[in-house]
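Subject: Handing over a structure

Hello,

Here is the structure I promised to pass on to you. Please have a look at it first, and then read on for what I found in it.

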Amino acid sequence: MQVNEKEFKPTIVAFCCNWCSYAGADLAGTNRLNYPADVKIIRVPCSCRVNPMFILRAFQRGADGVIMCGCHPGDCHYTTGNYYARRRMTLLFSMLDYLGIERERTRVEWVSAAEGAKFAATMNEFVETVTKLGENKRLEDLRCKEK
Amino acid sequence: MQGKMIARAKELLQNGTVNRVIGWKAGDFAYDITPAVFSSAEELDAGFVYNDFCGANFSKYLVKESRKEGKILVFLKPCDTYSFNQLTKEHRIIRDNIYVVGVPCDGKTDGETLKLKGITGITGIKTEGDSFVVDTLYGEKTIAKADALPERCLSCKSKKHVAYDELLGEDGEVCESNRFDMVEKLEAMSSEERFAFWRGELSRCIRCNACRNVCPACTCERCVFDNDNSGIAQKAAADSFEENMFHIIRAFHVAGRCTDCGECSRVCPQNIPLHLLNRKFIKDINEFYGEFQAGEDTETRAPLNIFDTEDVEPSIVYEKGGN
Amino acid sequence: MQRIGVFVCWCGSNIAATVDVEAVSEALKSEPGVVFSTNYQYMCSEAGQNMIKDAIKEHNLTGVVICSCSPRMHEATFRKTVQGAGINPYMVEIANIREQCSWIHKDKQTGTEKAIILGKAAIAKVHLNAPLTAGESPVVKRALVIGGGIAGIQTALDIAEAGFDVDIVETKPTIGGKMTQIDKTFPTLDCAACILTPKMVDCAQNEKIHIYSYSEVTAVKGFVGNFTVSIKKKARYVDTTKCTGCGVCTEKCPVKNVPNEFNLGMNNRRAIYIPFAQAVPKVATIDADYCNMLKNGKCGVCSKVCTAGAIDYKQQDEIIEEKYGAIVAATGFNPIKLDNFDEFAYSQSKDVITSLEFERLTNAAGPTSGQLLRPSDGKHPHTIVFVQCVGSRDTSGCGKPYCSKICCMYTAKHAMLTREKYPDTDVYVFYIDVRTPGKNFDEFYRRAVEDYNVHYIKGMVGKVAPRADGTLDVQASDLISNEQLHISADLVVLAAAIEPDKSARPLATMLTASMDTNDFFTEAHAKLRPVESPTAGVFLSGTCQGPKDIPETVSQASAAAAKVIGLLCKDKLTCNPCVAHSDEMLCNGCSSCEKVCPYGAITYSDKEFRMPDRTTAIRRVAAVNEAVCQGCGACTVACPSGAMDLKGFSNKQIMAEVDAICK
Amino acid sequence: MFKLSLNNLNDLFKAAAEGSALYIPADDGAGQARFTRWCDGMEMSKALKTVKSAKEFFFPQTESLVDFKMKGKEIEIIDPRTETEDFVVFGVRACDARSFSILDKVFLADPVDTYYKSRREHGTIVTMACSRPEETCFCTAFGVDPTAPEGDAVCYMTEDELFIEAKTEKGTAFVEKVKAVLEDGDASAVEAQKAAVKDILPKLPLANLSTDAFGGDKLMELFDSPKWAELSASCLGCGTCTFVCPTCQCYDIRDFETGHGVKRFRCWDSCMFSDFTKMAHGNPRLTQLERFRQRFMHKLVYFPANNDGEFGCVGCGRCLSKCPISMNIVKVMKTLEGESK
């Protein structure tokens, strides 16, 4: 395979809840379902642990896309966590969009422990979307990009 | 109204209902009015004013004042009462230590707004009907009140007092407000245009913290941005990211709690339309989760502290029209 | 500054094949704070664990990063390891370089680079780790089994045997479940009732077991060791304490046309009924949908004939609340509805039946008293076609993608029994594959083919068309001889796929237990913890976890019971120390956190504080009950001031991970 | 003295911007003036004052001091400064012009702040005499003559003409540079305008503000005044007054961790902030009263005490316009006047 050196490789942060999505990611691994190495997972107990600060922080530090995965609504290990997360992220993403940050850079996806295939498919698709968008310029912190 | 207020304040001081009054104090010019605590009839006579420039919302002062000895009298305009309720709901003020007198409001302006209309060198102001007659060093100017009011008053959401112990004057009604017009206009723009708009606005931020410090929803004992241990402390808007970050997080922290009192935009020395951030959240909350007005009462749960199993998915942000 | 040791696991070749483990341990050696870094074939092995322990001692490590498989796999293992070497178990972080890296990336360079970044993130986090001490919470020494089939019965009996109280909640008027409807069991052909009913009686007689029949779980609160469950006892309009089960009412009831669900609607029962003779509890139940007295107040026959005075038309649903230390889900299965398979003419012909209906037709207590007769005309069928995999292994979306596992064996059983009892009958079995793994299973199947001359045909039935003469035209393809067949059958038996009972999904929600896309409960680990749900204190018994035959169900039921017993034996449980904590100096007392806490773990109190400006003030501040908090973190985001943080997943720790990943 | 028709202002700017950066007051998106790097066609604001003063040209709101680059356990120290380019600030008012000498006393005193010094050396200040002072102006109280500002070169603007006069070597160089667009002018129009403004000055509402009660020798009586409590009572503790002030010179030095190292930067700080001068034990001024008092004591007492009686205020009036609660140095002075007598 020829690798184009200038090919843009996005940095993607995926916040995954421990009980569903992280397990789903594990299942994707167990089933050897490939998705790009650009995706790095951060384990959180529940999607409701994801603070908007974390998402902005990721963009600041050089992420080009941030995705949050949690249990399907109704299936939260903690009963209600993902419902709160859903509201929070809906509003936050809407605000980022309102500020002119490309809305495709943020995403929420519900992935159960059994959905390894969905996890891989989601990540493939998200990486593709973000790759098309290119580097995050609108919510970047240049200080963090100096190498 | 000013006379009535002074008279009532004196009565309440006299009969021991309260031991002090928080009100507006006259300054050197017609417009430079300072919030102040008055503890005697003499002080009230000497400095208490209530006029078209008394914009300051006193609710936040009550966080500290209501914890002091004795009961305090506060005059609240309709929009201030929403902040007052919100603070009561969040246990930030001790309601029992406050005596609220609701006072009517027809919109409040300030010196900076007049200056932006080209009126400078102001030495005096008279209200004549629907206009201000402004004496300046360079002659007399007349400006219609409707032209001299800031955006928050032009799109007033309510002239109704939602919390008070007594009212002076007639209570008003919740208004038909066009307050989301500008938000809608922005939403209709392309992503690039919105980005350019907000960069233009937020790049002026000098991080004086006036918006935060005046905000009745920002009453944290210690703000995360001031807390070196929070991991996101920021002292200055060192670059475009930090300008964005501060205002996004601040708006998020007050989302569902902001009553849209407009103090943030009033005090911004750089005239950044900060209310447009809060109004975006308010509008989204209304659209996604049903009409909600923070501070309308002291019971209803804030939209971010409750949910519905059928809530919209975050993907609505992508699906919604616009560009 | 921490002194961090990094241990990179090869996992044999699982990691080492696509990640250059040497390069990873070398690269991480130069990270700030790292004083030791190595790699080894199997870190989880005794030798690997000893390597970690030795390094902790030799290098005075304060924190440990293991680059290995998923923390869901071995985090607990390594926590114990480091604890053994004298450092706090929560000073370990795992970088998941197997599931998240080596197994999904084919290119070694890519895998290695990513593994290094994941390692750096774990190092960044461990820098901010603090020793955590787990609290304790008491265990209620009572278990709840939801579902009273053979799985629930076995689990309950085993738990009771160990001396613990156990309650069974069963939605039907009797326990027993599907097995009560089965005639014989493969491969031994013993009578199902003969082996099941004694167990049912044991349950009824065991003083440690309480049966809530005709009842449902409506709410579950709490957590492992301390669940509070609401159980709705549905009104059966019969006082179970008075009813003697004599059955007179069920004979006198004038409403005779109620489809009998026990016989799958193939005959009728009365509006007041006892499902079958060996029902436990053996008490009558009035079917409110049919009872004239309950519908329009006209009748009252059962009340008149009941000498015990047990009939109570005024009975209401009753909700009781009970506390449990452990909960076992044993909700079982049902054959799928065949609406999507109209090509088999199930809805058009009475002579197309499901296998479970076939069981009733051959059962002595069934509608035909055990005579195999066609439902349409009551005549003895001479040609019978069995169709396997109806809705199983179906990726078209009409059925289920999985193998229902039991159909091959029960179909062989049906075919064999038919041939034995009615040797003049031609029996055909259409199959995709015949799957017979299991003790004596293949021998059983071969007997059907070789000794009983059952015609096994590899191929699928395309269509069943009822003919005017009452026979069924079975159109099928024989894949081996590659020809189209038309068989004129008298009876067609469909081996319908099985699916989890519909009550499982809402129950899973109440239990916060996870389910797969087919609504089977997910086990905590597919191999190592197959009878536990990922939700602590919730265990899985029987087919609610996946298709199983009876011996497997019973094994799993006993296994679940063993897990429950293990839990109930403890007086106290160690709590998860990764719980929320409120910094009182930052707390505004706004109650946001309290509102989003699903466990009611947060309380407020007024406390006197010395403030930064030298004054003292009384402030309303939040406190977290660490035994109740489950560590979800909802409160941490609801809190605007950052007073609320989560131990083990603190704001700063997560941000440090973000930083490490993004740089 | 040279002059130029106001119609040709763009030509002047074009000439001035040749080879160096030129900053002029221009209206921002909100209609307020700020110093903006000139580009062709940009118009000068008609506002009397910019929101932020001109101090940020020499003492920027944030500036990088030193970078620490980290690779593994290696640390490399980098001076991020690049060659400062020559620049011209045009249209600085007399008050702001005076503020530079106050800032110089702080930053150029030993030890010299080399970051500041370098900018001072490269900057040319072209001031603009005031023609329409406003009600918030009180520079005369601090000895500033708004009709005759300091600066490298001074401009006077009449109805239709701009007059320019070099005052220093840098100013002369500037005038030389733009001379092509100028013509000779005589001072009579300028003098007439100066006289007109001098007529207005006594009519300003704050014309009679006196500094007599303040100065380096009034320390304890002012410090102990009971009036500080009511003065500071409604202070929000924001930094607006500080950040718009031309003379406030306090800064904080912070480290920003970039993921690859640390960027040490300094940024404006405000004594009104609760975390100002925070040390290991916290902020020595624990209450807003103390913080508020600090700001005014510094300007009116401490600064003159250390600088031959020179006050740390130039009377620009920005804080009067911008304070969210309209509390300001004038109100403080008027309230405290009686205290030190």
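Let me start in chain D, with strand 6 (residues 87-92), which is mostly covered: five of its six residues are buried. Please keep in mind that this is a predicted model.

Strand 6 of chain D has partners that you can trace by eye. Strand 2 (residues 21-27) of chain D pairs with strand 6 of chain D in the parallel sense, over three bridges. In this pairing Tyr23(D) stands opposite Val89(D) of strand 6 of chain D. Strand 7 (residues 123-128) of chain D also pairs with strand 6 of chain D, again in the parallel sense, and here there are five bridges.

Next, chain C. Four of its strands form an open sheet in the order 2-1-3-4, with parallel pairing. Strand 2 (34-40) and strand 4 (92-96) of chain C are the edge strands, each pairing on one side only. On average, neighbouring strands of this sheet are turned by 15° against each other, direction ignored. Ile66(C) stands opposite Ile94(C) in strand 4 of chain C.

Helix 1 (residues 21-29) of chain C lies across strand 1 (4-9), strand 2 and strand 3 of chain C, and runs at about 175° to strand 2 of chain C. Helix 3 (residues 71-84) of chain C lies across strand 3 and strand 4 of chain C, running at about 150° to strand 4 of chain C.

Helix 3 of chain C also packs with helix 2 (residues 46-59) of chain C, at an angle of about 40° and with the axes 9 Å apart. That angle is why helix 2 of chain C counts as oblique to helix 3 of chain C. The crossing of helix 2 and helix 3 of chain C is right-handed. On the helix 2 side of chain C, the contact is made by Gln49(C), Ile52(C), Lys53(C) and Ile56(C), and on the helix 3 side of chain C by Thr81(C), Val82(C) and Gly84(C). By class, this contact between helix 2 and helix 3 of chain C has three nonpolar, three polar and one charged residues.

Finally, chain A and what it touches. Between chain A and chain B, 32 residues of chain A are in contact with 32 residues of chain B. Helix 2 (52-60), helix 3 (81-98) and helix 5 (142-145) of chain A are the elements that give two or more residues to the side of chain A that touches chain B. Helix 3 of chain A gives the most to that side, with 14 residues. By class, the side of chain A that touches chain B has 16 nonpolar, six polar and ten charged residues.

As for chain C, 48 residues of chain A are in contact with 42 residues of chain C. On the side of chain A that touches chain C, the elements giving two or more residues are helix 1 (21-30), strand 2 (39-44), helix 2 and helix 3 of chain A. Here helix 1 of chain A gives the most, with seven residues. The classes on the side of chain A that touches chain C are 26 nonpolar, twelve polar and ten charged residues.

Best wishes

How values were computed. Residues numbered from 1 in each chain as written. Chains lettered and ligands numbered in written order. Predicted model: local features only at pLDDT ≥ 70, side-chain atom pairs only at ≥ 80, totals over all residues. Contact = placed C-beta atoms within 7 Å. Nonpolar A, V, L, I, M, F, W, Y, C, P; charged D, E, K, R; others polar. Pairing = 2+ DSSP bridges. Axes fitted to C-alpha atoms, helices over the stretch in contact; angles between N-to-C directions. Parallel < 35°, antiparallel > 145°, perpendicular 65-115°, else oblique. Left-handed = near helix turned anticlockwise from the far one by under 90°. Buried ≥ 20, exposed ≤ 12 C-beta atoms within 10 Å, placed from the backbone.
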